[in-house]
Amino acid sequence: MKKTVYLWVLVILLFLSACSSSASTSGEKEVKLPVTADLPKDRKVGEIILNVPTKEEDFVQHEYGFLLAEEWKKLGLDVIVEPLNEDSLSRLTENESDFDAMTGIWHGQAEKFDPDFFIYRTLHSTLTATNGDNKTGYKNPDYDVLAEGQRTTLNQTERKEIVTKAEDLFLEDIPYAPVIHRALLMAYNEEKFTNFQYGSEEGLNSFWTFMAIEPTGLNKYVRWAYPREIESLNPLASTSMQDFQVTRLIYDTLVKITDSGEPENWGAKSVEDANGDGLTYLITLREGMKFHDGKKVTAKDVQFSFNLVKEVDSAAFSHLVEVVDKVEVVDELSVQITLKEAFAPFVNQTLSQLYIFPQHYWGPILEKEGPKGVIENKNEQPIGSGPFKLAYWEHGKELKLDADNGHFSPAKVNGILRILYSDTEAMLSAVKNGQAEIGGVSLLPEQAERIKDAQTLQIAHVPTIGLDHIIYNNRIKPFDDKALRKALTLSIPKETIVEEILQGAGKPANSLISPANGKWHSPDLNGYEYNLTSAVDTLKEAGYKWDEKGKLYYPEGKAKN
């Protein structure tokens, strides 16, 4: 009998130990909170809703959202995690006061190698959610001065000093919280193609992947499996990353950004800062460029493109030309672009992103139907001058691009077949079974582990320049208080997220700019390491109190109205 009781006690102790171990993986053990008696009820910090994606749309953010909520509860907050689909999450920030906090991600497109996106577009006070990427509503005149200064400083060393100062002030104010820089885990099949190249912006979805890949046999159309449909072939109307991954293969730009983040002349034969002051650029096109309908690409098309995106107020392009004063045609292949002020990202951002639109195609639409007609045009037979041209698009099934063999830099494949699959598992199965060569979305670590030994199948492990983050709505309580934002950020168990959810496929984010962007990353910045004790101390120093139940109360005089 005694032996039986002893065994049961041992089992219970082992069970409790396992439970304790499991709970501890979410971060530091519970911290002792100081108690203040008889706190006024109207000072109690209200319930916080943390919005996250659904598990199906972003498993990683979904999981660490729940993990984070448990940490915030340790500070005395009542936190409810509310999963929403992608469209609903986007709509939340359209009405400035419709959310408390939410997970967010800035994907690592090539144009984000330049720090301006993170430093200016996500934080400048003029770019709130309704007309820019400042989803938090952050406003600090001192920060704005730095964000504007890095834009007008052409010397790279001096500009980086300003960028670092801006990041330092960002970390002091912490309007949103850097969480992780993910690594992409992308599957590809080498059975029929070789020379798969990928960079730290979009992995195998990079423009350069499709320019470098080479067939090894008779099959010369590379199959690109994707579990998400494109929405539109009209780049003037779209804001979807999936759309631009396709349309940038159809349309040329004047400059391309390489996988290392450097600008490379593309449609432009030369780009010259005419006076060395960053105000006037003389751009000369390559000779012999043609649109897919056979008409020549000329300087008038470049001039028209700048004017078009400004006139129709294109969501994707208009911010790129705000700094442009005028575009003048010099001769058939040359334009002179005059800026309102020096703009350091002009080559890396404006010239690398703005498509060359054919005037003979879009001009009549604009003249007849106006800007609204241009935006509403479906553009289902796009005419560009890029290395690929549209063969067909069967909605809900597949899209086929044929290589333009007359392009100045022709692809090595005959074309691309973008095939739609129902979900990531179906996409992965297609790549594994040789029905596709490239899987278009990053895998979960367990998916990558499951297929690592499959023949002819490879996993590209790509550190990225993107950033997962937590958006705090700085316009409303309690997130209008910097001390509380700091405490919440100190409560993010980044190492646990990387080790347990990402299984090592990423890095904790201590600042805005990823280590994968070596040119602009500042490794010496002091970010926020997980420390619940410091979080509690931060709140105490700011005057926050806790009741007998461990619930958090505002400092005196700062209660929620």
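## Close-up views of a predicted model

**View 1. A look into the second largest pocket.** The second largest pocket has a volume of about 270 Å³. Its lining counts 15 residues, and Leu154, Arg159, Ala344, Val347 and Asn348 are the closest to the pocket centre. Two or more lining residues come from each of these elements: α6 (156–173) and α10 (346–353). Sorted by class, the lining holds six nonpolar, four polar and five charged residues. Here Ala, Val, Leu, Ile, Met, Phe, Trp, Tyr, Cys and Pro count as nonpolar, Asp, Glu, Lys and Arg as charged, and the others, Gly among them, as polar. A pocket is found on a 1 Å grid over the protein atoms alone, as an open set of points where a 1.4 Å probe fits, with protein on both sides within 12 Å along at least five of seven lines; lining residues have an atom within 4 Å of a point. Grid points are joined across faces, edges and corners, and the volume is the space filled by probe spheres set on the points.

A word on reading these views: this is a predicted model, in which local features need pLDDT of at least 70 and side-chain atom pairs count only at pLDDT 80 or more, while totals for chains, interfaces and linings use all residues. Residues are numbered from 1 along each chain as its sequence is written, and side-chain values use heavy atoms, with hydrogens and water left out.

View 2. Gln349 is found in helix α10, whereas Leu320 lies in the loop between α9 and β12. Helices (H or I, at least four residues) and strands (E, at least two) are DSSP runs, numbered from the N terminus. Gln349 has a relative accessibility of 4% and so counts as buried; Leu320, at 1%, is buried too. Buried means under 20% relative accessible area, exposed over 50%, and partly exposed in between (1.4 Å probe, protein chains only). Beyond its neighbours within four places in sequence, Gln349 is in contact with Glu111, Asp114, Asp116, Phe117 and Leu320. Contact means heavy atoms within 4.5 Å. Leaving out residues up to four places away in sequence, Leu320 touches Gln349, Thr350, Gln353 and Leu354. Leu320 and Phe346 are 26 residues apart in sequence, with 8.0 Å between their C-alpha atoms.

**View 3. Gln109, a buried loop residue.** Find Gln109 in the loop between β3 (101–106) and α4 (116–121). Its relative accessible area is 15%, so Gln109 is buried. The side chains of Gln109 and Lys112 make a polar contact at 2.3 Å. Such a contact is a pair of N or O atoms within 3.5 Å; within protein, one must be able to donate a hydrogen and the other to accept it, and residues adjacent in sequence count only if both atoms are side-chain atoms. Not counting residues up to four places away in sequence, Gln109 touches Glu201, Glu202, Met241 and Ile465.

**View 4. Helix α8 and its surroundings.** Because 10 of the 10 residues of α8 (residues 241–250) are buried, this helix is largely enclosed by the rest of the structure. Among these buried residues are Met241, Phe244, Arg248 and Ile250. They pack against α7 (207–212), β7 (221–226), β8 (255–257), β14 (388–394), β15 (398–403) and β16 (415–420). At the start of α8, a side-chain oxygen of Ser240 comes within 3.3 Å of the backbone nitrogen of Gln242.

**View 5. Two nonpolar cores.** The largest nonpolar core has 93 residues, and Phe317 and Phe388 have the most contacts inside it. Apart from that core lies another, of 66 residues, among them Leu33, Trp106, Leu171 and Ile476. A nonpolar core is a set of buried Ala, Val, Leu, Ile, Met, Phe, Trp, Tyr and Cys residues joined through side-chain atoms within 4.5 Å.

View 6. Most residues other than glycine have a negative phi, and most peptide bonds are trans. Asn195, in the loop between β5 (193–194) and α7, has a positive phi near 60 degrees. Asn195 is partly exposed, with a relative accessible area of 30%. Asp313, in the loop between α9 (299–311) and β12 (324–331), has a positive phi of about 55 degrees. At 55% relative accessible area, Asp313 is exposed. Lys477 and Pro478 are joined by a cis peptide bond, with omega about 0 degrees; Pro478 lies in the loop between β19 (467–472) and α14 (482–490).
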